[in-house]
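Biologist: I would like to learn how to read a protein model, one feature at a time. Please give me the general idea before each case.

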Amino acid sequence: MFTGIVEEAGKVVAIRPGKKSTELILQPKFRARVGASVAVNGTCLTVVAARAGTLRFDVLNETLRVTNLGDLRPGSLVNLERPLRANAGLDGHFVLGHVDGTGRVRRWEQVGKDYVLEVNAPASVMRYVLYKGSIAVDGISLTVADAGKTWFRIWIIPHTRAITNLQARRVGDRTNLEADILGKYVEKLLAKRRRRR
């Protein structure tokens, strides 16, 4: 489990496609042991090798298909977060690292000292998006400021832009989206209750 409080924007060192999986090598500032989970752009991956200041992950082809990890190139910036410790504070919101779908940046611009990010999202994600609710965008815990039928808007402070991959984002880029897990549980519980009636 993660919180969506990104530790750093790491750099992609290499990507080596294979038949069943793709080798992804990143250069983070932190260390992680083999077998540890790391959220990469909000996607929970397992460290399979750690050496010389790099971490290696095997990314399944299905993961590449349903996330934006397939868009990465050497030099790309990715948001990195290690799992939440049981004794740590919960500064963001509950993020599982299970991407619900991808969206597309439709607006990304500076307004005064802050930034406005608007993302087009599929209906499967928008059903859980609500005003002042939480959503993870590339693993960043963010608060929804406004939403339409197919899009949502978020205000970004300069600090968040500076320490995440948002510094390299452009209109048209694909983003990983994870809706708030609490809304999904409530929906399932209510659906079960309706079926019993």
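Biologist: Which residue in strand 10 is the bridge partner of Ala-136?

Modeller: Start with the terms: strands (E, at least two residues) and helices (H or I, at least four) are DSSP runs, numbered from the N terminus. Two strands pair if DSSP finds at least two bridges between them. Here, Ala-136 has Ser-141 in strand 10 as its bridge partner. Strand 9 (residues 134–137) and strand 10 run antiparallel and are joined by 4 bridges; Ser-134, for example, is partnered with Thr-143. The hairpin of these two strands has 2 residues between them, and Asp-138 takes a positive phi near 50 degrees there.

Biologist: What should I know about the model and its numbering before I go on?

Modeller: This is a predicted model, in which local features need pLDDT of at least 70 and side-chain atom pairs count only at pLDDT 80 or more, while totals for chains, interfaces and linings use all residues. Residues are numbered from 1 along each chain as its sequence is written, and side-chain values use heavy atoms, leaving out hydrogens and water.

Biologist: How many strands are in the open sheet, and in what order?

Modeller: The open sheet has 7 strands in the order 10-9-13-7-8-12-11, with antiparallel pairing. Its edge strands are strand 10 (140–143) and strand 11 (146–147), each of which pairs on one side only. Strand 9 is also joined to strand 13, by 3 bridges in the antiparallel sense; Val-137 has Leu-177 as its partner there.

Biologist: Where do side chains point in a regular strand?

Modeller: They alternate between the two faces of the sheet.

Biologist: Which residues have the most contacts inside the largest nonpolar core?

Modeller: A nonpolar core is a set of buried Ala, Val, Leu, Ile, Met, Phe, Trp, Tyr and Cys residues joined through side-chain atoms within 4.5 Å. Buried means under 20% relative accessible area, exposed over 50%, and partly exposed in between (1.4 Å probe, protein chains only). The largest core in this model has 20 residues, and those with the most contacts inside it are Leu-117, Ile-135, Val-137, Phe-152 and Ile-156. Among the elements that each supply at least two of its residues are strand 8 (114–120), helix 2 (123–126) and strand 12 (151–156). A second, separate core of 18 residues includes Val-12, Ala-32, Ala-36 and Val-47.

Biologist: What does Val-137 touch?

Modeller: Contact means heavy atoms within 4.5 Å. Not counting residues up to four places away in sequence, Val-137 touches Asn-79, Leu-117, Leu-142, Phe-152, Ile-154, Thr-175, Asn-176 and Leu-177.

Biologist: Is Ala-36 buried or exposed?

Modeller: Ala-36 is buried, because its relative accessible area is 13%. Ala-36 lies in the loop between strand 2 (21–27) and strand 3 (37–40). Beyond four places in sequence, Ala-36 touches Leu-45, Thr-46 and Val-47.

Biologist: And Lys-20, buried or exposed?

Modeller: Lys-20 counts as exposed, because its relative accessibility is 71%. Its place is the loop between strand 1 (8–17) and strand 2. Lys-20 and Asn-61 are 41 residues apart in sequence but 6.1 Å apart in space, C-alpha to C-alpha.

Biologist: How many salt bridges does a search of the whole structure find?

Modeller: Side chains of opposite charge can pair when their charged atoms come close. A salt bridge is a side-chain nitrogen of Lys or Arg within 4 Å of a carboxyl oxygen of Asp or Glu. The search finds 15 of them. In one, Glu-62 meets Arg-65 (2.8 Å, N to O); both lie in helix 1 (residues 61–66), 3 residues apart, about one turn of the helix.

Biologist: Which parts of the chain does the pair of Arg-174 and Asp-71 tie together?

Modeller: The side chains of Arg-174 and Asp-71 meet in a salt bridge (3.0 Å, N to O). Arg-174 lies in strand 13 and Asp-71 in the loop between helix 1 and strand 6, so the pair ties together parts that are 103 residues apart in sequence. Arg-174 is buried, with a relative accessible area of 17%, whereas Asp-71 counts as partly exposed at 38%.
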